Amino acid sequence: MDGWYVDDRCFNCDVARQLAPDLIEEAGGKSRIRRPPRDEAETRRLHAAVFACPTRSIRPLSGRPDQRLDPFPMPLDSGVLLCGHNSRHTAGANSYLLLRPDGTVMMVDTPRWSRQLADRYSAFGPVTDVLLTHRDHAAHGRRYADRFGARLWIHEGDLDAAPDADQVIRGLDPVEIGQGVTAHPLPGHTRGSVLYLADDRYCFSGDSFYWSRATGDLAIADSVTWYSIEELATSLTRTAGHLRFEWVLPGHGDRHRLPADEMSRRLNDLTTRAQRLRPRPVDFTAVQW
C-alpha cells in the first residue's frame with residue numbers, strides 16, 4: 001500500500017502490530033499494511049515496526065528502509081527501553097534493557113545478535129546481567145553476555161537451553177538477583193519459566209502472561225503453553241499476591257501500564273481464570289493478541 005508491503009516470510013508474531021496498530025493489521029494469519037502513514041509521527045511508528053520485525057518482512061518498494069529512523073533501543077519509561085531488532089531464533093520475542101540507579105544495565109531476554117547492536121545497548125551503561133525468562137528466549141544469551149562481560153541467568157528447569165549459564169536459579173522461592181530486582185520462578189509455560197520483578201514497577205513476564213489488545217486485559221497464551229497449564233495456574237496462585245507492578249513487559253504479546261492497584265486486581269482475576277484452564281492442542285492461531 002502506497003509503497004509499503006509485508007512479504008510472505010511473516011509468521012504472525014504480532015511485534016509490528018504492537019508498535020503500529022493503527023497502520024498494520026492481521027489478516028489471514030499474517031500482518032498486512034492497513035494504510036500508509038499520514039504524518040511524521042506515523043512514519044516513525046511504521047519504521048519502529050520495520051526495525052523490530054524478526055523476519056524483516058515490512059518493506060518499502062523503493063528499497064531499504066531509512067536507517068536513520070531506527071528508534072532502538074526505544075524508551076518505554078524512565079527505567080526501561082525496548083531493544084527492538086527481534087530475533088527469528090526466539091520466535092520474535094521482545095527484549096528489554098532495565099536501567100539501574102547505579103548506572104548499570106540489565107538485559108532481559110535477547111534481540112537478534114549483532115556486535116553493532118551490542119555496542120548500541122551498552123552505550124546506556126555497563127551491562128552486568130542478561131536475564132533469560134525461559135528456554136524459548138535463550139538464543140544469543142551467551143553471545144551477548146560474553147560481549148558485555150555480563151552474567152547469564154536461567155532457571156534450572158530450562159538449564160539445558162543455556163548449560164553454560166553463570167547463574168542458575170533453583171527451586172520455587174523468589175531470589176534477589178540485584179538491588180530492587182527479584183526473580184520469581186513461574187513454571188508453566190516451560191518448566192523453567194521465570195518472572196523478573198524490578199522496583200515494584202516493572203514485571204518482565206516472559207511468556208507466562210501478557211497484555212491482550214483483543215480482550216483489553218491480562219491474558220495467558222494457553223494454546224502455546226509447552227509444559228503445563230495446570231502448573232502455570234499453581235505458579236500464579238503461589239506468586240500473584242507477592243507481585244506489585246505497573247508495567248507488564250512480556251516476551252510475546254503486548255506491553256501495558258496501569259496503576260499498581262489496578263494491575264494487582266487484574267492479575268488476581270487472571271489467576272482465577274487460569275485455574276479453570278485445561279490442556280489444549282498447540283495452536284498459534286488461537287492466541288488472542
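What volume does the second largest pocket have? It comes to about 250 Å³, a volume being the space filled by probe spheres set on grid points that are joined across faces, edges and corners. Before going on, keep in mind that this is a predicted model, where local features need pLDDT of at least 70, side-chain atom pairs count only at pLDDT 80 or more, and totals for chains, interfaces and linings use all residues. Residues are numbered from 1 along each chain as its sequence is written, and side-chain values use heavy atoms, with hydrogens and water left out.

Back to that pocket. A pocket here is an open set of points on a 1 Å grid over the protein atoms alone, with protein on both sides within 12 Å along at least five of seven lines; a cavity is a set where a 1.4 Å probe fits but cannot get out, and lining residues have an atom within 4 Å of a point. The second largest pocket has 16 lining residues, with Ala-219, Ile-220, Asp-222, Arg-273 and Gln-288 nearest its centre. Strand 17 (217-219) and helix 6 (260-274) are the elements that give two or more residues to this lining; helices (H or I, at least four residues) and strands (E, at least two) are DSSP runs, numbered from the N terminus. By class, the lining splits into 10 nonpolar, 2 polar and 4 charged residues, where Ala, Val, Leu, Ile, Met, Phe, Trp, Tyr, Cys and Pro count as nonpolar, Asp, Glu, Lys and Arg as charged, and the others, Gly among them, as polar.

The largest pocket has a volume of about 400 Å³. Its lining counts 20 residues, and Ala-91, Val-224, His-252, Phe-284 and Trp-289 are the closest to the centre. Here the classes are 11 nonpolar, 7 polar and 2 charged.

The largest cavity holds about 100 Å³, and of its 14 lining residues, Cys-10, Cys-13, Ala-16, Ser-31 and Cys-53 sit closest to the centre.

Ser-31 takes us to strand 3 (residues 30-33), where Ser-31 and Ile-33 make up the covered face and Lys-30 and Arg-32 the uncovered one. Strand 3 pairs with strand 2 (residues 24-27) in the antiparallel sense over 4 bridges; two strands pair if DSSP finds at least two bridges between them. The two form a hairpin with 2 residues between them, and Gly-28 in the turn has a positive phi of about 65°.

Inside the order, strand 15 (residues 202-206) runs parallel to strand 18 (residues 247-250) over 3 bridges, with Gly-206 opposite Pro-250.

Last stop: Thr-110, in the loop between strand 8 (105-108) and helix 3 (115-122). Thr-110 counts as buried because its relative accessibility is 1% (buried is under 20% relative accessible area, exposed over 50%, partly exposed in between, with a 1.4 Å probe and protein chains only). A polar atom of the Thr-110 side chain lies 2.5 Å from the backbone oxygen of Ala-139. In helix 3 itself you'll find Ser-122, which is partly exposed at 29%.

How values were computed. Polar contact = N/O pair within 3.5 Å; in protein donor to acceptor, adjacent residues only side chain to side chain.
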